[in-house]
Every structure is written in C-alpha cells, then in structure tokens.
Amino acid sequence: MTEIFGVPTQALFGQLLIGLINGSFYALLSLGLAVIFGLLNIINFTHGAQYMMGAFVAYLLGSKLGLGYWWSLLLVPPIVGATGMLIERLMLSKLYKLDHLYGLLLTFGLALIIQGLFRNEFGTSGLPFSMPAELSGGRNLGFMFLPNYRGWVIVASLVICLGTWFVIEKTKLGSYLRAATENPALVQAFGINVPRMITLTYGFGVALAALAGVMAAPIYQVSPQMGADLIIVVFAVVVIGGMGSILGSILTGFGLGIVEGLTKVFYPEASNTVIFVIMAIVLAAKPAGLFGTQK
Amino acid sequence: MPRSQKIALALMAAFFLLAPLVLYPVFLMKAMCFALFACAFNLLIGFGGLLSFGHAMFLGTAGYAAAHAAKVWGFPPEFAILFGTACAALLGLVTGLLAIRRQGIYFAMTTLALAQMIYFYYLQAAFTGGEDGIQAVPRGMLFGFIDLSNVWAMYGTVFVIFMGGFLLVYRTIHSPFGQVLKAIRENEQRALSLGYDVNRYKMLAYMLSATLAGLAGSTKALVFQLASLTDVHWSMSGEVVLMTLLGGLGTVFGPVVGAFIVITMENYLAQLGAWVTISQGVIFVICVLAFRRGVVGEIGNFLKKPL
Amino acid sequence: MKLKRTLLAVAIAAMAGTVNAQISDGVIKIGVMNDMASLYVDIAGPGSVVAARMAVEDFGAAQKGMKVEIISADHQNKPDVGSQIANQWFDVDKVDAIFDVPTSSVALAIAEIAKKKGKAFINSGAASSDLTGKACSPNTIHWTYDTWMLANGTGSAIVKTGGDTWFFITADYAFGHALERDTEAVVLKGGGKVLGKVRHPLNAQDFSSFLLQAQASKAKVIGLANAGGDTINSIKQASEFGITKGGQSLAGMLVFISDIHGLGLEKAQGLIFTETFYWDLNDQTRAWTKRFLAASKGTKYPTMVQAGVYASVLHYLKAVEAGKTDDGTRTIAQMKAMPTDDPLFGKGSIRKDGRKLHPAYLVEVKKPSESKGPYDYYKVRATIPADQAFRPEKDGGCNL
C-alpha cells in the first residue's frame, strides 16, 4: 500500500473528504458573518447562538408539529432569520452611528441571554434528533465509508455558498448591496430603501447560521452551548480570510476545514489549535488576512 | 489630581479599609482582584480605544504561573506574584506583536482567538492539572515574616497591591504617555502625522495592561489558593468587558465600581442559578443601548466632574 | 418574626434534650452546592436539592425533634465562586455539611476548606478519584462514583464477556488520560489487548476522523475516554458511520442517564457503561423514583448523582443522631464507623479514606424496540460487587 508520511493514502483521502465536510460548516458560518459585516460593519457575536437556535427550532418543529427534516430545512432559516430582523430593527439599528465595537458588545450580550434562556428551558444534556431516513446509511467509496448525510452536507453547502456569491457579485440586487456598503447615503438618494435592505441582509446572514444549525443537528450534539465555542473558531477563520470578499470567506472556510482534518491524522492533539496557529502566522505575514484589504 | 477624584479616591480607600468589618473579607479580596483586572483592561479600551476580548489569558496565565511557583518550586509569595506577573507581561509581548497589527473589531477577534489557543494549551498541559486545576497553593510568609494564612495579613496585602496598581494606572493615564494614547484613540491618523510612533504606544499600553492583569491574576491565585481553567476561559474575558462597560468605559473609578457590582451579582445571585448569565447578558444590552457612560460615567456627568 | 423562629428552634432543641445538646445553634444546616445552570445541571442541579429534601423527610427529622435546614447555591463550575460560597457558608451561615459538588476543581477546593475548618463535605457528583486518593481528608466522603470505578467496572466486565481488543478515543487532558490509563490497565490485566488510541482535544465537535481510525483498527471495543458533549458527539457520529452495525461496540467511560435521554435510543443503542444507580433496579428504587418525580414536578428521571445526594444526606443525619453532634470531623468519623443502609444503594460501608462502597452495574442501552416506557433505557448486564467495584485502599495513596 502506498503511504504518505506513514499514513496510507486511502486513509488520507478519507480524512481530506471529512475535512471538507467540517469546512462546509465553517464556510456557511463565516459567509453569514461576512455578509452581515459587509453591510452593517458589525461582527455578529450572536451568530453561534443563532446557529444553535436553528438546531433547536428544527427539533421543536419535529417534536411539536411533527414536521420532518426537509420541512425544517425550508422553514427554520426564515423563522430564525425573522427573529434576527427583529433584533436588528429594535436594537442594532440604534448603534450604526457609534463605534462598531458597541455592535460587538450588544451581540455578545444577546448571545449570553439566548444561550441562558435555552439552557433554562432544555437543560444541557442535549436533545435527540434523528437522521432523515432518505439520507441514513452510506456508501463505500473504496477508500472510505461515506455516510450519505455527509455527502449531502458538502453538496448543499457548496450550492448555498456559491449561490450567495452569485447573487451578491453578479446580480442587480447584489450591486445595490455592494453600493450601499460603499456609500449608503448616495444609494439612498437613488431611491433605494437602505434601512430595509440592511434589515433584510442581517436576516439573511442569520438565516444562513440557522441553516447550518439544522444541517448540524443530526450529527452534532443539539445543546444550548453547541455554538458557543464554534463561533470563536469561525472568528479565527474570518480573521484569516479577511472580510474583504465573499468568495474569500467561502474558500477559507473550506480550506481550513481540510487543514484541520489533516491535523487530525498527523497530530490530533493540535487539531483544535491549528486554526489559531495559522491565524497567528497569517497575521504576522499579511495583517489584512488572505483575501482582505487593509482599511 | 482634581478634587473630585481625590475625594473619590479617599472614599474608595476608606471603603475597602472599613468594609471587612461588615462584609465578608474573602469576598472583598476577590472584588479587589477583579477591580484591578478591570482597571488594567480599561487602560487599554478606555484610553487606548483597543477592545481586547482575550484578557482572561493574562489573568489565567499569571494565576497558573504564580500557583505553580508557590506550590511546586516553593517560591515565597512576593516572588510567586512577581513571577506570575512577569509571565503575563511576556505573554503580552508575544500576543501584542501579533494583535496590535489590526484595529477595532479585528483586534477584538484576534485577541479572542489567541486567548482561546492559550486556553486549549492550558487544558492539555500537564502542570495545570486540567479540570482539577492547581489546588492547595500555599500562601506562605510574605517577606519571610508576615504569615499570609492569617486572613487580615492577606487582606492587607491585597489592599496594598490593589491600591498600588490603581495608582499606577492613574499615573499612566495622566502622564504625557497617557495623553498621546488618548490622542491615538481619538484620531489615529492625526497622531501618526504628528510624528508619534502609534504602534509603539499601543504596544506599550497593551503590555502594561497585560502586566497589571497578571498582577491581579497572581494575587487572586494566592487569595483562593488555587488556579483553574475558569480564569482563562473566554467567558472570563467577557466578564471583564462587562465590568468595565457597566462601571464606565474610560472613567478612572468605573472599573472598580463595575467589578464590585458584577462580583456581588455573581455571589448573591448564586442561589438563583441560571439567571446569572442571563442577567449579565441583559446588563450588556442595557448598557450598550441606553447607558453607554456606565454607572460612574453617569454620576460624573451628573456632577459635571471627571471621575 | 425572626425572634419567633429562634424561640421556636430553642423550644424544639430543649424538647429534644440530649440529642441536640451538641448541635451547633440548634440547627443542622445542610448546604447543597452544584451546577444549577450549565454543563452539569441535568445530572445534579435542582434535582439534587429535591433529593436532599426527600432524605430529610424520610429520616423523620421533624418527628425526632431535630431541626434540619437545607440551603443551596450554584457554584457555576468556578472553583473561586465555589470556595467563596463554602467559606461563607461555614463562617457566616453556620452550614454544617456541604453535599454534591459535581465539578472536580470545585470539589477539591471545597475539600481543602472543609478540612481546614473541621466541617463535613460529602461529595456525590464529582468524578475525580483524587478525592479519596492524594487529596483525601478526614472531612471528606466521596459517595457515588469515581473515575477509577468507571474505568475498572466497564473495562473488566467487557473483557470478561469477550471484548478483548480495544481502541481508545481519549479526551486530551488530565481527566481523559486518567480514564484511559485506568481502563487500559484493567483490559491488559484481563488478558485483553489495546490496538491503538487517539487523543482528541476537548469539545472537538467532529469525531469522524477519530472514528475512522477506530474503525480501521478492527478493535472489538471502542472505549470513549471522554465526557459530556464529546461523548455524545462520538456516539452520534459512530451511529452515522455504522460502527456498531459493523460489529464493533462502544464503551462509554462517563455516561449518565440524562446523556442517553439526550441522544435517544436510536443512536445510543448498544452502548455499554457503568452506573451505580438505575431507577428501574428493584421495587425500592422504582418507588423512590416515583416520589422523586412527584416532588420535583418534572419528567426528568433521577441520575446516580441525585440518588447519591439522597443516600448521603440520609446517612449523614443518621450519624448526627447516633453521634449526638453535628461537629464535622466527628460526624464524618461516625459515618465511617456505621454501616450504611438506604433504599437506593442497599447495604454498604464507608472506608477509612472516605470512599463509600456499594455495588456497580454494567449496563447496556436497549434497542428502541425493547424500550417499553419513559426512561426504560438499560439492560443490566453484570453486577460488580462492592468490594471489587472501587479502587483498593492501598493503591489510592491516601495517608489517613
């Protein structure tokens, strides 16, 4: 059997693929952060809590209304997105004239509240969530056993990420968005309702987080703290990629997932820290991030 | 020093000298440690405009270093505290070189990520004892003759350290260095064009803040005779932001008041369980939306005096 | 109002006569300290307070003229918060004994304080076997379980039933290392082999790459030397990768019934681990559980930690009654001197190093089709007798 650095190539391919799956979650989450940041200039610390809400709302739809995974996938993002829009209208919109750090602090506080309330209600042991029947099981790819669900996660997140990129970079709506980022006053003058656009954008970013939450529910523990630590890793991903471009955040997300996957083979003890180490290196060499521009 | 601040300083000193007659001394020592921690943090955000979301790494690092030195190497308490503080300063140097290159939100995220990396390191490192932490740290004899296991001796020591640290922060803010720092906070480009080496000033402020946070951390380790993961976790970084925000960003006495309130809540809401984090979150939201000057800032504004 | 209450207490104390002669301020004050809001809220939390209250009732404190008060607090899993509450409880609130404390770092800190102040500390929730080893104290009793017992129980019983090749997935910190080391020792002793191990960082979210390595090792048993969210994620993803269907079995080192409830039987089925209490063991445990559910007005069935709080409070009160004092050091000594007997753990004893001895049960999680009602989750595969379940006294390094 051929080996690379003492690891069989087959196992290596398996790990690469798995890395790609983790990368899907990083990409979805950092994409949401990037979209929000682009227009609102706010780092959404509530993102992890909103990811968690996605999984919980999916659970509730299933247990209270008997709606399955596919309905959840369809309904949860708009539901959680709507709560996000409410937050934007009632709170965040009051902060746009202030230092951006206040937005970070507000969303941090909101994250504490949301996570605390869910803990009160559901405890911390987590909730059962079953795999959709259509996607259970898996197939043998020769070099590894790939559960169908994992394959679905990769495909779905790729489609969503590229779709988002296409809308923002290639459509008229996207051009308004980008213009509003540059100069909101001017865009307003052209008769476009900028505040409404901002609200919808925040809602969309939150919906992406919730979508990631639904996709995570069948394979990760569904508990109130599921997003709390993850969000810090995603922050590091965002710092590495730089917030400059949508495509950048997608690529960094997938790329770092793969790097993390490989670390799990060669030096598993460091797999939690590897992203932070990369962040340190990138900061030393290219302070604006891989795809960012220094502002 | 303006008269209003002199009075406030005297009041604060008198409070911490007399309060142990009524309040529980261990509680007050904890409050003083966190007050110093928050003052160190405030130096950076309140006067340098840099929001660090990873300050727990300095508190925790110093705590572990001091506890290890006192317990395993048998350092006397004054050297254990110095050693812990020095370790925090060194960490400040290393992380500062990386983080200071970014501003605003990026700086916050970078410090958060660096602190998380440090947290994972301590979790895995053998000398920290993982979840168990370093326990039963001896307080020892200060300068060879003051027995710190006596609660009043310990209280006096913490009081002196706290007041010393507080006055140092005060001095720094009102020195020419502090003025330049404020100028950078207000308008970095302008400070740059006036010929100030902006990054060097920021770096110095960052390191000073790290060092003082370390002083608080080492002292805390001796007070509680333990060092644990709690002090390195990101929620601790969040807590110090809360203390400073609640007390008043950029005020001299704000962090002390904020720390006192937060610690009191943590202590007396302990019976209520889950509501501690929720109430902290609510305070965050209220402070940001409606109360950005914080308690001390509002009082100062009302009295029209700097506090 | 306050005066009235004091008078009443004095009157009760006077009536009780000699029994209360040595009870400080006439009240036996019990402090239940645990995690009320985060990681351990489901295994301990408010349920432990309910259990303590039931013990006071069942002991018949009121009928015996003893005045027992229970207070509780949340240590938030922070050792400084916990140690400060403990100090304050002992010094200001006149608490006589602290119970539960599920976080190891907090438990070790409180053990120190109790020792210094001559008070009683009866732990139920913490896992660290250091409490009766390196850090043992004449003021500490460790009731329900510890890491050594879990590792030993699960390891030895599985090897005996033919699971002789192992692969470990271990959380990379002191706690995980201890579990792995202790289990490996028993596996080797029983003639088994360890084919490999992988260390994962705490809160690793994704375990697929570790599971693939475990799968490739072809070991019969995959030992999960981790806890909480890490264990749950490992089990969830193992079912996704079809590991148990492929003939390998999963052995959990630290699993509670609340974890199984959170996973659902669909995913958890076949998992093997050790517990010292299960609500459906016998008529007594079933009857008690029914009362527990009524008293806590909830649907969450009791965990072994909550059961431990009940049994330890009961035994503590018996010792106070027999010793006629609530002095911490003397009551702990009295507790060790008396045999224990309660409806949940049966008859047992407490060793000199503070270790409570009782049988342990190796359980296997049922298939969804085998489960007939709420929380009908376990099949008891083996009972490990009390004298074999825990670490021998000489190996603990306790110098009492």
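Which strands of chain C does helix H3 lie across? In this predicted model, helix H3 (residues 79–91) of chain C lies across strand E1 (28–34), E2 and E3 of chain C. The helix runs at about 175° to E1(C).

These strands belong to a five-stranded open sheet of chain C. The strand order is E2-E1-E3-E4-E5, and the pairing is parallel. Strand E2 (68–74) and strand E5 (140–142) of chain C stand at the edges. Each has a single partner strand, so one side of each is left without a neighbour in the sheet. Neighbouring strands are turned by 20° against each other on average, direction ignored. Within the sheet, strand E3 (residues 97–100) and strand E4 (residues 120–123) of chain C pair in the parallel sense. Four bridges join E3(C) and E4(C). For Ile98(C), the bridge partner in E4(C) is Phe121(C).

Chain C is divided into two parts. Domain 1 of chain C covers 2–145 + 281–354, and domain 2 of chain C covers 148–275 + 359–387. Their centres, taken over C-alpha atoms, are separated by 31 Å. The contact between the domains takes 10 residues from domain 1 of chain C and 11 residues from domain 2 of chain C. On the side of domain 1 of chain C that touches domain 2 of chain C, six residues are nonpolar, three are polar and one is charged.

Toward chain A, 31 residues of chain B are in contact with 32 residues of chain A. Helix H5 (104–124), helix H10 (234–247) and helix H12 (275–290) of chain B each supply at least two residues of this side of chain B. H5(B) gives the most, with 13 residues. By class, the side of chain B that touches chain A has 21 nonpolar residues, eight polar residues and two charged residues.

Toward chain C, 26 residues of chain B are in contact with 29 residues of chain C. Helix H2 (25–48), H5, helix H11 (254–268) and H12 of chain B each supply at least two residues of the side that touches chain C. The side of chain B that touches chain C has 11 nonpolar, 11 polar and four charged residues.

Technical notes
Residues are numbered from 1 along each chain as its sequence is written. Chains are lettered from A and ligands numbered from 1 in the order in which they are written. This is a predicted model: local features need pLDDT of at least 70, side-chain atom pairs count only at pLDDT 80 or more; totals for chains, interfaces and linings use all residues. Two residues are in contact if their C-beta atoms, placed from the backbone, lie within 7 Å. Ala, Val, Leu, Ile, Met, Phe, Trp, Tyr, Cys and Pro count as nonpolar, Asp, Glu, Lys and Arg as charged, and the others, Gly among them, as polar. Two strands pair if DSSP finds at least two bridges between them. Axes are lines fitted to C-alpha atoms, for helices over the stretch in contact, and angles run from 0 to 180 degrees between N-to-C directions. Domain bounds come from an automatic or database domain assignment.
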